[in-house]
Amino acid sequence: MSRKTIIRAAVALLVASAAFTTAPAHAATDAAAVVKHYAALAQAKYEDSLATAKDLDKAVDALIATPSDETLKAAKAAWIKARVPYQQSEVYRFGNAIVDDWEGKVNAWPLDEGLIDYVDPAYGTESDSNALYVANVIANPKLKLAGKEIDATKITPELLGETLHEAGEVESNVATGYHAIEFLLWGQDLNGTGKGAGARPYTDFDTKNCTNGNCDRRADYLKAASSLLVANLEEMVAAWQPSGEATKTVEADPKAGIAAILTGMGSLSYGELAGERMKLGVLLHDPEEEHDCFSDNTHASHFNDAVGIVSAYTGEYTRVDGTKLTGPSLSELVAAKDAALDTEMKAKLGKTIDAMSAMVKRAETVEAYDQMIGEGNAEGNATVQAAIDGLIDQTKTIERVIASLDLGAIELEGSDSLDNPNAVFQ
């Protein structure tokens, strides 16, 4: 399967997931019913994330057992597919402490990839802020941090998750999750704002015809990271079962539950997605400021975040097997109080999806996201900016919804790139 085919397949799934309509009214829709359905959708999204992560883990097994162009491409395709439901679950961040406390295990970024494996000489040899900047655990079974030795002789999920991840309290020491796996499958993207993603050869995992050394340990790392991703997602699936900790917490107080929904929608819309993940890259024109930077899958990740925000409002979710879930929604709750505001909210969500869809189409037919944000690329910059503008505008209406429902003061995530751009350049 070619990379273009992988992208087309992913985009087809994205577009199918993006469509949303006015859900039929449910009898006696109230805050408690809305929050209960919100929790049920969380369970479905994390179950889909887990199922696709297990498929990725199987593809990793196949790559390690029989390294080839085909098995590497299949593992990449499985990784791209696994990103779809997970990104749509990110709207559960910010409003749910249990998700925020856990999220860094699976989706932390950006990462100093020199911690994990070999890097290009242009990457540099040291960092004032990270003693493990080029530690290269795959090549070095013994590491030192703050005068203490780390025994990495055996690469295990425990080593990655309990010892290396955020080692030294450095957030860029990302040893686990989707992006560590992404780096191992694609390798560094050395193209800047030029065409092309990472191009790691399959022989980096072939112990009989090894390139770049330590192919056995590289395979061990990839398998440990993949297994750990599955285990971490199992933890969140359990948390969102009807009797799970996350579900019980959000359902305990329906008004607080509604506040959690809107906190997630607004914070992801504004500070996280429009700001830290998108506007910062446009301001700096820096290809390192893209979420899926090794695979050039960033456009899809951003799109699916936007789809997840829509889902939180409409109560609709299309599962990876095509099953469509609907139920009591925040939209219905708002409409019962202010029909015009509900119409406005859905219109703005739709406008953002349209802008995100245009970005996806450009990524498939013209250029990758890192090229879009490149300096001097007026059309590419404008395509990304249109999506940013949609996110900012829909957040203003989210704030009006918060006021309409008398939820009190809710603090949404901000971003210097939106609120104080000059600080970005200091």
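Helices here are DSSP runs of H or I with at least four residues, and strands are E runs of at least two. Counted that way, the chain in this predicted model holds 16 helices and four strands. With a radius of gyration of 21 Å, close to the 22 Å that the globule rule gives for 426 residues, the chain is as compact as a globular protein of that length. Here is a quick tour.

**Overall build**
- The C-alpha trace spans about 65 × 50 × 45 Å along its principal axes.
- Of the 426 residues, 58% are buried.
- Looking at contacts between residues at least 6 apart in sequence, 72% join residues at least 24 apart.

**Surface and charge**
- The chain's accessible surface is about 17,200 Å², and carbon and sulfur atoms account for 50% of that.
- There are 37 positive and 65 negative side chains, with the centres of the two sets 5 Å apart.

**Backbone spots worth a look**
- As background, most residues other than glycine have a negative phi, and most peptide bonds are trans.
- The Trp109 to Pro110 peptide bond is cis, with omega near -10°, and Pro110 sits in the loop between helix 4 (97–107) and strand 1 (142–145).
- Asn214 has a positive phi, near 60°, in the loop between helix 6 (178–186) and helix 7 (215–239); its relative accessibility is 29%, so Asn214 counts as partly exposed.
- Asp296 is not a glycine, yet its phi is positive at about 60°; this residue lies in the loop between helix 9 (254–284) and helix 10 (298–314).
- Asp296 counts as buried because its relative accessibility is 4%, and the cut-off for buried is under 20%.

How values were computed
Residues numbered from 1 in each chain as written. Predicted model: local features only at pLDDT ≥ 70, side-chain atom pairs only at ≥ 80, totals over all residues. Heavy atoms only, no water. Rg over C-alpha atoms; globule rule 2.2 N^0.38 Å. Buried < 20%, exposed > 50% of the residue type's maximum accessible area, 1.4 Å probe, protein only. Contact = heavy atoms within 4.5 Å. Areas by Shrake-Rupley, 256 points an atom, 1.4 Å probe, with all protein chains shown as cover. Lys, Arg positive; Asp, Glu negative; His and termini not counted. Charge placed at Lys NZ, Arg CZ, Asp CG, Glu CD.
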